[in-house]
Amino acid sequence: MYATVTELRNRLKALGDDDTDAALTELLEDASAVIDDEVGQSLTLAETTVTVDGSGAEKLILPRWPVTAVAEVVEIDVDGTERPLTHREDYTWSQSGVLTRLRRCWPCHDQAVRSTLTAGYDAEDLARRVRRICLRLAIAGRRNPAGADSEDIGDSRVRWNTPGMELTTGEKRVLARYAARP
């Protein structure tokens, strides 16, 4: 989650609302999922193991970035035989999530390379921009769970600029810098 229950509770109290921790956690998880869907990956810094198809070229693009560490790279033959590779002897890696095979190409078959890597953004890097978006989405989800753009009650009509947990154009621009490569 890109914001805390305490941060959301403080914002909602200012609006006169008070919910359980479980309800607020659910709102924050939903808001974080909207952000992840927009950028095409989780932004949270985490270690993960991925198995990717071979490219048949010197370069192999990992599904997460920015990469901060690569703990292990293993080539997997078609028959399942595994061959651990050594950094700087067999491959190098870049922060942009590219593994470069040295002196040869990556295999060219499905599920050819397994890598354990750490990728994502430090909480400080995400702090202001993404936390603000996450909190606004969670509040919108709390205030307008049906995602309506307007409501008529008797003679009164209310219109929302952003219905429910939907990103604004400006928020999409902010998140574009974190978007996963195609």
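Which residue in β7 is the bridge partner of T51? The notes below get there by way of the sheets and cores.

1. First, some ground rules. This is a predicted model, where local features need pLDDT of at least 70 and side-chain atom pairs count only at pLDDT 80 or more, while totals for chains, interfaces and linings use all residues. Residues are numbered from 1 along each chain as its sequence is written, and side-chain values use heavy atoms, with hydrogens and water left out.

2. Start with the open sheet of 4 strands, ordered β1-β7-β3-β4 with antiparallel pairing. (Strands are DSSP runs of E, at least two residues, and helices are runs of H or I, at least four, numbered from the N terminus; two strands pair if DSSP finds at least two bridges between them.) β1 (46–52) and β4 (82–84) each have a single partner strand, so one side of each is left without a neighbour in the sheet. From one strand to the next, the twist averages 25°, using axes fitted as lines to C-alpha atoms and angles from 0 to 180 degrees between N-to-C directions.

3. Now the opening question: the partner of T51 in β7 is R114. That pair belongs to β1 and β7, which are antiparallel over 7 bridges. β3 and β7 are also joined by 7 bridges and run antiparallel, with A69 partnered by T118 in β7. On to β4: β3 (residues 67–76) pairs with it over 3 bridges, and V74 stands opposite P84.

4. Have a look at β7 (residues 113–119) itself: 7 of its 7 residues are buried, meaning under 20% relative accessible area with a 1.4 Å probe, protein chains only. In a regular strand the side chains alternate between the two faces of the sheet. Here V113, S115, L117 and A119 point one way, and R114, T116 and T118 the other.

5. There's a second open sheet, with 3 strands in the order β2-β6-β5 and antiparallel pairing. β2 (59–61) and β5 (91–93) are its edge strands, and its twist averages 20° from one strand to the next. β2 and β6 (residues 98–101) share 3 bridges; I61 has V98 as its partner in β6.

6. Finally, the cores (buried Ala, Val, Leu, Ile, Met, Phe, Trp, Tyr and Cys residues joined through side-chain atoms within 4.5 Å). The largest has 25 residues, and L8, L28 and Y178 are among those touching the most other members. Its largest share, 8 residues, comes from α3. Apart from it lies another core of 15 residues, including V52, V67, L85 and W106.

Note on methods:
Buried < 20%, exposed > 50% of the residue type's maximum accessible area, 1.4 Å probe, protein only.
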